[in-house]
Amino acid sequence: MHANGNIGIIIMETILETQRRLHEERDRLIDSMTKEYLHERKSHKEKVNGDHRVRRLVDRHHEITKKLRLIYEDNDKSRKSELRAIAGPNEFAEFYSRLKSLKDAHRRNPDEIAIPLSLEFQKMNEAIENIELAEKDMIEFTDEEGYGRFLDLHILYDKYINIKGVKRMDYLTFLSNFDCFADIPVSSKKTGSYREYLNALKEYFVTFLARTRPLLSMNEEFEKVDAEFDKKWEE
């Protein structure tokens with residue numbers, strides 16, 4: 001007995017049927033990703049939401065691929081046993097045994113309806129073409145961030161002005177100078193409040209990028225920055 005996590009429908013599945021369904025799901029995910037990525041997005045919010053939908057599809061594709069890999073690796077030999085059962089001398093007995101199990105499952109769950117993947121992805125693709133059917137807010141932003149168009153550094157500003165020895169400034173001036181680390185006195189940089197401020201600053205920008213550019217590979221970006229820093233440090 002298998003419960004499909006995407007649609008919550010109880011169905012009978014053999015290993016080979018699971019394998020077939022996962023391949024179908026992968027193909028449909030690629031098709032939907034392509035449609036979503038190529039669809040024209042008119043507003044900033046539509047672009048952000050569209051990228052998050054693509055990110056969800058990519059993550060789901062990765063999970064499906066992992067499941068397929070486990071099936072093909074067949075560490076417990078269950079796939080091999082199933083192939084042997086349906087291709088051996090008792091294939092008819094195996095067929096009727098599985099048919100009986102299927103009928104028993106439907107008898108125990110008479111009201112369950114198996115919804116095909118095609119219907120799930122049909123609705124998904126309709127939402128791509130008709131923005132009114134899609135989710136309005138895919139990710140959370142503060143009012144000041146304007147759904148990712150602006151930065152909201154109020155909390156970081158409060159941390160900054162509490163660092164001993166830094167130059168006092170208003171919030172608008174801080175927005176233009178928060179990255180001028182060379183202007184901060186060395187004595188201030190030795191304080192715990194400064195380290196706390198730096199960690200909070202990094203955390204904010206990492207999460208902000210994840211919310212506004214979900215398709216960006218943060219690990220690759222950090223690797224590039226680290227490599228560039230190491231090169232300049234050696235010079």
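What follows is a short chat about a predicted model.

Colleague: Hi! What should I know before I start?
Modeller: This is a predicted model, where local features need pLDDT of at least 70 and side-chain atom pairs count only at pLDDT 80 or more, while totals for chains, interfaces and linings use all residues. Residues are numbered from 1 along each chain as its sequence is written, and side-chain values use heavy atoms, leaving out hydrogens and water.

Colleague: How many helices and strands does the chain have?
Modeller: There are ten helices and two strands; these are DSSP runs numbered from the N terminus, with helices being H or I of at least four residues and strands E of at least two.

Colleague: Which residues touch the most other members in the largest nonpolar core?
Modeller: Among them are Leu153, Phe174 and Tyr197, in a core of 16 residues. Such a core is a set of buried Ala, Val, Leu, Ile, Met, Phe, Trp, Tyr and Cys residues joined through side-chain atoms within 4.5 Å; buried means under 20% relative accessible area (1.4 Å probe, protein chains only).

Colleague: And which helix gives the largest share?
Modeller: H9, with five residues.

Colleague: What does Leu153 touch?
Modeller: Leaving aside residues up to four places away in sequence, its contacts (heavy atoms within 4.5 Å) include Tyr171, Phe178 and Tyr204.

Colleague: Switching to H1, which residues are buried there?
Modeller: Thr18, Leu22, Leu29 and Met33 are among them. Leu29 and Met33 also belong to a second, separate core of eleven residues.

Colleague: How much of the chain is buried overall?
Modeller: Buried residues make up 30% of the 235 in the chain.

Definitions and conventions. Buried < 20%, exposed > 50% of the residue type's maximum accessible area, 1.4 Å probe, protein only.
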